[in-house]
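Let us walk through this model together, one region at a time. Keep the viewer open as you read.

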Amino acid sequence: MKVILETKPRKKPRIPIEAETIIPQNFLRGTDITVFEGNKERVLDDLFYISVEGPAVSPDQVEIILRGDTGMIKRVGEYMNAGRIVVEGDIGMHCGNFMSAGEIVIQGNADSWLGREMRGGKITCLGNAGHYCAAGYRGEKRGVRGGRIEVMGNAGDFTAEYLSGGEVRIHGNAGDLAGVELREGTLVIEGSCSRPCGNMTGGTCMVFGKINDLLPTFKSLGIKEVDFEGKKVRMEIFRGDVANRGKGTLMRAV
Amino acid sequence: MSELLIRNACVIDPLNGINGEIMDISIRDGRIVEEVSGNAQVIDAAGCLTLPGGVDSHTHVCGTKVNFGRYMSPEDMRAGRTARNGCMHVTSGYSVPTTFGNSYRYSNMGYTTLLEGAMAPLEARHTHEEFTATPHQDMMANTLFDGNWAIMEAVRDKDVRRTAAVVAWYLKAARGFAIKLTNPGGTEAWGWGEDVSGIHDTVPNFEVTPAEIIGTMIRANEVLRLPHSVHLHCNNLGVPGNYQTTLDTIGLVPDLNKTRQSLYLTHVQFHSYGGTTWRDIDSKSEEICKAVNNTPQVTIDMGQIMFGRTTTMTADGPMEFKLYMLHRNKWSNHDVELETGSGIIPVYYFRKSMVNCVMWAIGLELALLTKNPWQCLLSTDNPNGAPFVKYPEIIALLMSKKLRDQECALLEPRTEHHVPLFAIDRELDWNEIAIMTRSAQAKALGIRDIGKGHLAPGAEADVAIYPLKTSEIDPSTQYQQVIAGFSRTKFTIKRGRVVSRNGEVIVDGANSTIWVKPKVPEEYNLSNDPDFVRKFQEYYTVRMSNYPVQDVYLPRGVCIETEADL
């Protein structure tokens, strides 16, 4: 089943839409779904032109396509457990919160908190991602626990904070404090970043660009050749964060 | 003039000696009266159990540390969400809910008066702001004096009058209700990375002992004629073998007041451990209860724990650090300058853990072994032992040996050798439960005279009607009905208005904050005391003129003025 949701023009397009109900499993029972626009509850029909093609018997056969002015739609794909969501534009904050399976493809940019505390599945963002991409929520000790998040552009500050499983790949640059409190899992940044991995207690972070202001609590173990996606790359290996037992690994390309 | 008549109520009102009489209750303008006119609105209670509004004498629902518990636990905030509904605000949270969540849930259980267990005077404004947002309950705040420098200096000089003057100044400034001592001396020592291990240890830099602080404060409390006694959280909380400290503390208490206790010991469950390590911990509830039974000037509350998730929060900083060393999860510690400290940790109590099972048993034993129900009050030290929504389950456990046996069968098998609970047959009756959940609290807090905790004419019209027919239910076997009944009132009436009906909140509510102003002679007014003013300016980061809470923070304050005996 393919569900196409195209935004209708709104009088006040800056009012955010809270759309945690837009997940594949909800569309098996039809499109009789409500979302909040600001503090007003609206049926989906008020905000979107809806077209449904074909049948589906399980959520993994459902594909949702979001089209039009989607930049103010928040929490799309929260608690999603199967199926596929394609956003043909930008997406608002908190996309893919707690998702456990399925796939989200964002063709534009994503706002902050992309895939926060994700448990599994896959998120691909073809543009840039905002702050706290693949992070844990404030006060939570474990962030993303599984799955894969790939950002083709740049990501903001605190990327993959509290990462404790899964894989995060940023093809562009990451901002300040990427991978702080990293516990498990892999973070790969192909561009540059600053002050990465503070207080990490496990896991691996690879940076192929430049590291600005490397924290003094990382101890260099020398330069080694490392296998990365079938290729040999020369990386300088650091052990850290020494201030907190130093069981993590940070690598910097040389 | 609003009038209300409750017909056919099966009233239990222990303070007035009424036990299960079918009678009518007349209410006019928020007070109970002898009779009302024929135009009064009528509620038919249909023979259901009718009690005075519940009073919780030790709970943590408002204030900075509760708020810190809220924002360090996003997972807790995801639980228990309810949407806005009529006049009900949005609520969320389970162990540390939003203020409105607390208020509505207490209201559904028939509670109308709460005592916030610990308020640091410096942070009193925030506590009072949250009180205003807890609309269905009248609120009071215990004010922390455990590490107060001015108090400790007065205690060191063995000057009861000066201690009383300091208490009077701070109570008035913070708009507090009573004296709270949390690990007296220990929180101050913790500021230097140390703790005290008994009541005769010396607090670093102050040359006083916890025993001196407790003794002097009890006397100062009576000098000021405060409604409540000193409210004490003993030293050595949660340490195996700490029951000796508790017994020593009970041994200190002089009998100074005819109408109520002279010392209130809170969450005694956490202070009744025998043994030397977590491996050989055992219950010393029998020793504690023996001491309590022989010391009528002492009142305790249970501090029952219930299995499941919760958040611990206390002004006892060193103890929270020890907990962190056990759990290694997120935690916080906080120092309030010159006054006290605090700490917060989320915890989970497991049936698989022998220590947790022993703790669970001790709470129940305290309630069952204390002969006089006026001396042992029901509490969980919400949310430290369990969120207050578990009260109905505790009531059922106390009323039914059968339910206790069922629960005991699920405990860690070794527990049986460490606790006497398995051999206790006592089952409490409705009257004793009424005492332990409202009347004894009102008496212990000294708020009976302002009309709390009873239903005689002149009392505040706080009434809880539960869907329970005491003549038809046998609580020892039908405990499920008891739990359901106490979880949701038919009607909760606050100051003559129905605020909640069958679990649905129907009015916005407007509570009042009860505070105490001890009147002291001019020579004991510390605002004019050069030594106190100089130290205040030297040590505090706030100015003395900015320190007291302004009246605007208490839109509906009720002041109890006492005449100090100075």
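Where in chain A does A:Asp241 lie? A:Asp241 sits in the loop between strand 18 (231-240) and strand 19 (248-253) of chain A. Here helices (H or I, at least four residues) and strands (E, at least two) are DSSP runs, numbered from the N terminus. A cis peptide bond joins A:Gly240 and A:Asp241, with omega about -10°.

Before going further, a word on conventions. This is a predicted model, in which local features need pLDDT of at least 70 and side-chain atom pairs count only at pLDDT 80 or more, while totals for chains, interfaces and linings use all residues. Residues are numbered from 1 along each chain as its sequence is written, and chains are lettered from A and ligands numbered from 1 in the order in which they are written.

Staying with chain A, the domain assignment gives domain 1 (1-108) and domain 2 (152-254); such bounds come from an automatic or database domain assignment. The C-alpha centres of domain 1 and domain 2 of chain A are 33 Å apart. Chain A also has an open sheet of 4 strands in the order 4-3-2-7, with mixed pairing. Strands pair if DSSP finds at least two bridges between them. Strand 4 (40-43) and strand 7 (73-74) of chain A are the edges, each pairing on one side only. Inside the sheet, strand 2 (residues 17-18) and strand 3 (residues 34-37) of chain A run antiparallel and are joined by 2 bridges, and A:Ile17 has A:Glu37 as its bridge partner.

How do the chains meet? In chain A, 5 residues are in contact with 7 residues of chain B, contact being C-beta atoms, placed from the backbone, within 7 Å. The chain A side divides into 1 nonpolar, 1 polar and 3 charged residues. In this scheme Ala, Val, Leu, Ile, Met, Phe, Trp, Tyr, Cys and Pro count as nonpolar, Asp, Glu, Lys and Arg as charged, and the others, Gly among them, as polar.

Now turn to chain B. Helix 9 (residues 243-252) and helix 10 (residues 285-294) of chain B pack at an angle of about 5°, their axes 10 Å apart. Axes are lines fitted to C-alpha atoms, for helices over the stretch in contact, and angles run from 0 to 180 degrees between N-to-C directions. Helix 9 and helix 10 of chain B are therefore roughly parallel to each other; that label applies to angles under 35 degrees. Among the residues that meet are B:Leu247 and B:Ile250 from helix 9 of chain B, and B:Ile288 and B:Val292 from helix 10 of chain B.

Further along, strand 20 (residues 491-494) and strand 21 (residues 497-501) of chain B pair in the antiparallel sense over 4 bridges. They form a hairpin with 2 residues between them, and B:Arg495 in the turn has a positive phi of about 45°. Strand 21 of chain B is joined by 2 bridges to strand 22 (residues 504-505) of chain B, again antiparallel. That pair also forms a hairpin with 2 residues between them, where B:Asn502 in the turn has a positive phi of about 50°.

Is B:Asn502 buried or exposed? B:Asn502 is exposed, with 11 other C-beta atoms within 10 Å. The cut-offs are 20 or more such atoms for buried, 12 or fewer for exposed, and partly exposed in between, with C-beta atoms placed from the backbone.

Definitions and conventions: Parallel < 35°, antiparallel > 145°, perpendicular 65-115°, else oblique. Contact = placed C-beta atoms within 7 Å.
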